[in-house]
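This note is written for a colleague who is new to the structure shown below. The points that follow may be read in order, with the structure at hand.

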Amino acid sequence: MRQLVFCLIIAILHGCTSSQSKIDGTLFKWEPITMSFIGPNFTESSEVFRNYRLNVTFYNEKDTLIVPGYFAADGDAANTSANSGNIWQVVFTPTKEGVWSYKVSFQYGKDLAASLDPNEGKPLAFDGETGNFEVNGINPNAKGAYAKGKLIYVGQRYLQYTGTGEWLIKAGPGGPENFFGYVDFDSTFNVSGGINDSALGPDGLHKYSPHIQDWKEGDPVWKGDKGKAIVGSINYLAEKGVNSLYLVVNNVNGDGRDCWPWAGYNDRDIYDVSKLAQWNIVFKHMNEKGIQLDFLFWESENTTLLNNGNLGVERKIYYRELLARFGHLPAIRWNISEEPTATPEQILADVDFISRIDPYGHAVGVHCGYTVERRDNEYPPLLGKENFDGAFMQCHENLHDEVKRWLQKSEKSGKKWVVSVDESLPNHPADIEKVRREFWEVVTAGGEGYDVYFGYGTGTCDIANEDFRNRDKKWSQLAIGLDFFNNTELNQLLPYMKNYDDLGTGYILAKPGEMYVMYTTLDKNTIDLTDFTQEFEIDWLDINNESGLLKGSIEKVMGGQIVDLGNAPSTKTDWVVWIHY
């Protein structure tokens with residue numbers, strides 16, 4: 001094996017390029033650091049992705065993180081479209097300030113990339129290199145999730161940003177699921193056999209042309225001016241106040257058939273370096289704009305595409321490659337598959353492998369089938385499993401009761417789940433009430449959040465949606481709830497609040513004696529405060545309009561009894577009543 005020439009470059013990649021966010025060469029907590037290693041020339045091939053393995057161990061006095069690396073072609077493939085070069089990279093996100101040290105492992109061996117054994121393989125030239133660097137506190141100019149730390153599972157019903165302690169209530173678009181079937185990404189094209197929609201034009205790819213107007217000077221692009229429309233769509237969603245986006249990164253044999261991480265539609269172990277680098281630009285921008293990523297590895301039709309769904313070499317490499325390239329993102333969750341067709345045992349094997357190679361502890365969960373019967377078959381074998389963190393459900397009926405049911409089952413199993421509804425029955429753009437009602441049904445049950453599924457036959461087909469403005473009022477409705485939960489003092493109480501519908505006349509999320517959030521569609525409402533004698537304040541959240549908190553006919557009540565909450569500030573279909581001590 002030829003000797004490799006070693007070169008180490010440390011740069012902050014908080015934006016499109018290192019130069020845009022580098023502040024006097026300072027490294028900051030929670031901001032990714034890219035280390036580049038120069039070696040011999042390679043071209044994208046099975047051998048490169050199967051037989052070479054780069055890991056870098058980062059450690060300080062208390063913590064040790066092993067971060068997987070990847071082949072990066074010429075190191076600027078997003079702009080050059082290079083498929084060959086001599087650069088390998090690893091991206092590390094410091095979780096603490098202070099001095100960090102590192103040790104590099106770069107090895108070669110048959111199918112070594114699938115192995116977790118650190119002693120397997122033949123060491124190459126820069127294997128064993130060491131060094132250290134100093135990390136400061138949080139960048140005062142950090143944006144979005146980069147100012148909050150990693151969004152991870154910490155044993156509660158909500159994910160938490162580890163830097164700020166903020167608990168996440170999420171909501172946003174549940175589509176288009178083929179969001180990355182986008183014309184400006186390299187080697188992206190539509191393959192016949194999926195669900196066709198003439199709205200995307202003859203090439204079958206997203207353009208997002210209505211959102212070019214939302215791109216702003218200084219926003220990221222690649223190859224000169226590519227990416228403006230998709231980046232603009234993210235700007236629009238962030239400005240509307242939603243904080244989540246759901247997308248499938250692999251729809252081979254699925255509905256869209258326009259999105260996959262490989263160099264070609266029929267490739268299975270040759271990864272497209274430039275396309276993945278372009279994806280990373282968009283993912284980073286999402287997180288900078290405060291949008292967390294619901295990252296689905298598979299679609300129903302291809303859940304078992306590699307190794308028949310078993311955790312074989314190709315499947316392990318698939319997970320490793322995607323985590324190596326995107327695991328540094330602060331606000332991301334791993335969702336095994338949309339409507340999975342793998343067995344629970346296969347899903348758990350995938351979950352355990354992902355948990356072993358993700359150094360940051362991002363949440364891992366799975367979607368589900370669309371009926372109660374399917375949920376009752378798919379989820380029970382996953383209850384109580386150490387590394388399985390959440391049910392990111394498809395649910396078309398009784399959303400409130402179903403969320404409660406799975407939260408109760410998971411708590412009883414000894415492992416609390418994060419439970420969200422990421423797909424409900426399709427809704428027409430004009431059906432604003434459905435989105436508002438379902439969001440509040442989910443969160444008052446103790447659920448983490450709600451994604452708006454576009455569906456089919458609703459005016460804009462899910463996989464063909466080009467303009468998020470066609471559901472503009474829905475985003476406004478969701479933003480009212482998100483602002484209430486994420487930007488008031490009740491956020492810190494969320495893990496201690498549970499569903500207590502039996503205490504009143506609506507759906508109630510509460511920490512009894514301290515705070516109650518009740519969603520109601522009734523004119524007359526009561527709540528049972530018998531066990532608490534203090535005085536409580538009553539506010540009404542206008543969830544139809546952006547009017548904020550209002551006062552009704554009764555502003556304060558004394559506990560020790562079942563109390564009348566009085567009349568709402570005005571006559572509307574539904575309200576949220578906030579009773580707090």
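Which residues does Asn491 touch, not counting residues up to four places away in sequence? The reply is given in point 2, after a word on conventions.

1. Conventions. This is a predicted model, in which local features need pLDDT of at least 70 and side-chain atom pairs count only at pLDDT 80 or more, while totals for chains, interfaces and linings use all residues. Residues are numbered from 1 along each chain as its sequence is written, and side-chain values use heavy atoms, with hydrogens and water left out.

2. Asn491 and its contacts. Asn491 touches Glu166, Trp167, Phe485 and Asn486, residues up to four places away in sequence not being counted; contact here means heavy atoms within 4.5 Å. The residue is found in the loop between helix H11 (472-486) and strand S21 (498-499). Helices (H or I, at least four residues) and strands (E, at least two) are DSSP runs, numbered from the N terminus. Leu168 is 323 residues from Asn491 in sequence, yet their C-alpha atoms are 8.3 Å apart in space.

3. Asn491 counts as buried because its relative accessibility is 4%; buried means under 20% relative accessible area, exposed over 50%, and partly exposed in between (1.4 Å probe, protein chains only). The side chain of Asn491 reaches the backbone oxygen of Phe485 at 3.1 Å and makes a polar contact of 3.4 Å with the side chain of Gln492. A polar contact is a pair of N or O atoms within 3.5 Å; within protein, one must be able to donate a hydrogen and the other to accept it, and residues adjacent in sequence count only if both atoms are side-chain atoms.

4. Helix H11. The 15 residues of H11 should span 21 Å at 1.5 Å a residue, and the end C-alpha atoms are 21 Å apart, which agrees. The expected span of a helix is 1.5 Å times one less than its number of residues. H11 is mostly covered, with 12 of its 15 residues buried; among them are Trp475, Leu478, Phe485 and Asn486.

5. Strand S15 and its partner S14. S15 (residues 292-298) is mostly covered, 7 of its 7 residues being buried. Strand S14 (residues 244-248) pairs with S15 in the parallel sense over 5 bridges; two strands pair if DSSP finds at least two bridges between them. Leu247 has Phe295 as its bridge partner in S15. From S14 the chain passes through helix H5 (residues 273-288) to S15 in a right-handed β-α-β crossover. Right-handed is used where, with the strands pointing away from the viewer, the path from the first strand over the helix to the second runs clockwise.

6. Strand S16 and helix H6. S15 is also joined by 5 bridges to strand S16 (residues 332-337), and the two run parallel. Phe295 has Trp334 as its bridge partner in S16. The chain crosses from S15 to S16 through helix H6 (residues 313-326), and this β-α-β crossover is right-handed. H6 has 14 residues and reaches 20 Å from its first C-alpha to its last, close to the 20 Å expected at 1.5 Å a residue. Of the 14 residues of H6, 11 are buried, including Ile317, Tyr318, Leu322 and Phe326.

7. Cysteines. How many disulfides does a search of the whole structure find? The search finds 0, a disulfide being a pair of cysteine sulfur atoms within 2.5 Å. Cys259 is in no disulfide, and the nearest cysteine sulfur, that of Cys461, is 16 Å away. Cys259 is buried, with a relative accessible area of 1%; Cys461, at 9% relative accessibility, also counts as buried.

8. Asn235. This residue lies in helix H4 (residues 228-240) and is buried, with a relative accessible area of 0%. The side chains of Asn235 and Asp219 are joined by a polar contact of 2.7 Å. Leaving aside neighbours within four places in sequence, Asn235 is in contact with Asp214, Trp215, Lys216, Asp219, His285 and Lys289.

9. Phe388. The loop between helix H8 (372-378) and strand S18 (390-394) holds Phe388, which counts as buried at 0% relative accessibility. Apart from neighbours within four places in sequence, its contacts include Leu348, Val351, Leu382 and Trp417. Lys416 lies 28 residues from Phe388 along the chain, and their C-alpha atoms are separated by 9.7 Å.
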